[in-house]
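Look at the structure below and keep the sequence at hand.

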Amino acid sequence: MSYQLKSATNAKDLLKIKACLFSICTSLLVNGTDAYAHPDMLRIRKEIETILFWPSVDGDDISKAQHGCIDCLALMLCTELQASKAVKNSISREVCFEQSIVSSGDSVTKDSVCSYVIHHLVFDEDISVKLGRNEVAKAHLSFRLCMANVLISACQKVPRASKKTFVSKILPGVLHSVKEIANSEVRSACIQVLFSMVYHLKSLVLPYSSDLLKVSMKSLREGSEKERIAGAKLLASLMASEEAVVQKISVGLVEARALLLDICSSDISLDVREICQRLLVCLTSV
């Protein structure tokens, strides 16, 4: 399948690309770790990277193919977590996971989809692409936002048995990096990833709930409009979470209430003010 996808990518045959992606996703869903361990998967990922660097406009055929790439990477990530669980539960318990070898013969850590996605999302670095100088920064930003969307998609696809592993591998890195990332659009995307994790993974985020609240409040105080909206949504998700999470952040919600009051009276963005007003009503009624 990697040959067909490479051929379609070289020809920019979008219909064939979509067909290849559909076939790959089906194989991952049906065959699970066997499909993930196939030697072609690394080559497929490289073709997906090429497609995600193509310039596109929302709703055009290229963006639709890119959405397929995002879902395909998300399924690879979820299947990788299943593979890691299988390795850890194998007879060779004394062999650490980082040294374990999947059927393809490649180290799981070396070619980890999880590491790949996190690395390209959070690190402010240039990626060598064959584009004009003025296009490189835009292409790189778009690619990083795609990596955030991979994680958001994975939040919805990760199997129940892998959810705890997913949280432990993804959430700490994004939480730490959102404070360091220079680009406001990428910071906003990271906060949306955190929102999706709280929304879909419920009480599994409990150990990180206080830090999540701090991120939401910092973005509401200091962020761009997109960051403030994302931060408000993260706060809403925390407030609507399971009782254990709400109890853990209860002290911080007193400070959040004062912040929301200030935003409702002073923020220049109508959208931000409206979201914060709704949150304030929820906090007041508790």
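Predicted model: local features only at pLDDT ≥ 70, side-chain atom pairs only at ≥ 80, totals over all residues.

A residue is called buried when its relative accessible area is under 20%, exposed when that area is over 50%, and partly exposed in between.

Begin with the whole protein. The chain holds 13 helices and zero strands, and the pattern read along the sequence is accordingly written α-α-α-α-α-α-α-α-α-α-α-α-α. Of its 286 residues, 48% count as buried. How do contacts in the protein relate to distance along the sequence? Take the contacts between residues at least 6 apart in sequence: 69% of them join residues at least 24 apart.

The largest nonpolar core has 93 residues. Which of its members touch the most other members? They are M147 and F166. Helix α5, which covers residues 61-88, contributes the most to this core, namely 13 residues. When neighbours within four places in sequence are left aside, M147 is in contact with L52, L73, Y116, V117, H120 and L121. One of these partners, L52, belongs to helix α4, which spans residues 40-52.

Next comes the empty space. Rolling a probe the size of a water molecule over the atoms shows where empty space is left. The largest pocket found in this model has a volume of about 880 Å³. It is lined by 32 residues, and those closest to the centre of the pocket are D58, S142, L145, N149 and E185. The elements that supply two or more residues to the lining are α5, α7 (133-157), α9 (184-201) and α11 (225-239). Helix α7 supplies the most, with 11 residues. What classes of residue make up the lining? There are 16 nonpolar, 10 polar and six charged residues.

Charged side chains can also pair with each other. The model has eight salt bridges, and three of them are described here. The side chains of E47 and K6 form one, with 3.7 Å from N to O. This pair joins distant parts of the chain, since E47 sits in helix α4 and K6 in helix α1 (residues 2-11), 41 residues apart.

A second salt bridge connects the side chains of D40 and R43, at 2.6 Å from N to O. Here both residues lie in helix α4, three residues apart, which is about one turn of the helix. What does accessibility say about the two partners? D40 counts as buried because its relative accessibility is 14%. R43 counts as partly exposed because its relative accessibility is 45%.

R228 is in helix α11, while D267 is in the loop between α12 (243-266) and α13 (270-285), and the two are 39 residues apart, so the pair links distant parts of the chain. R228 counts as buried because its relative accessibility is 11%. D267 counts as buried as well, because its relative accessibility is 11%.

Two single residues complete the tour. S209 lies in helix α10, which runs over residues 209-222. Is S209 buried or exposed? Its relative accessibility is 0%, so S209 counts as buried. With neighbours within four places in sequence left aside, S209 is in contact with L238, V245, K248 and I249. For one of these, V245, the separation in sequence is 36 residues, and the C-alpha atoms of S209 and V245 are 6.4 Å apart in space.

R278 is found in helix α13. Its relative accessible area is 53%, so R278 is exposed. The C-alpha atoms of R278 and C264 are separated by 9.8 Å, with the two residues 14 apart along the chain.

Key. Residues numbered from 1 in each chain as written. Heavy atoms only, no water. Core = buried A, V, L, I, M, F, W, Y, C linked by side-chain atoms within 4.5 Å. Buried < 20%, exposed > 50% of the residue type's maximum accessible area, 1.4 Å probe, protein only. Helix = DSSP H or I, 4+ residues; strand = E, 2+ residues; numbered from the N terminus. Contact = heavy atoms within 4.5 Å. 1 Å grid on protein atoms, 1.4 Å probe; cavity = no way out; pocket = protein on both sides within 12 Å on 5 of 7 lines; lining within 4 Å. Points joined across faces, edges and corners; volume = space filled by probe spheres on them. Nonpolar A, V, L, I, M, F, W, Y, C, P; charged D, E, K, R; others polar. Salt bridge = Lys/Arg side-chain N within 4 Å of Asp/Glu carboxyl O.
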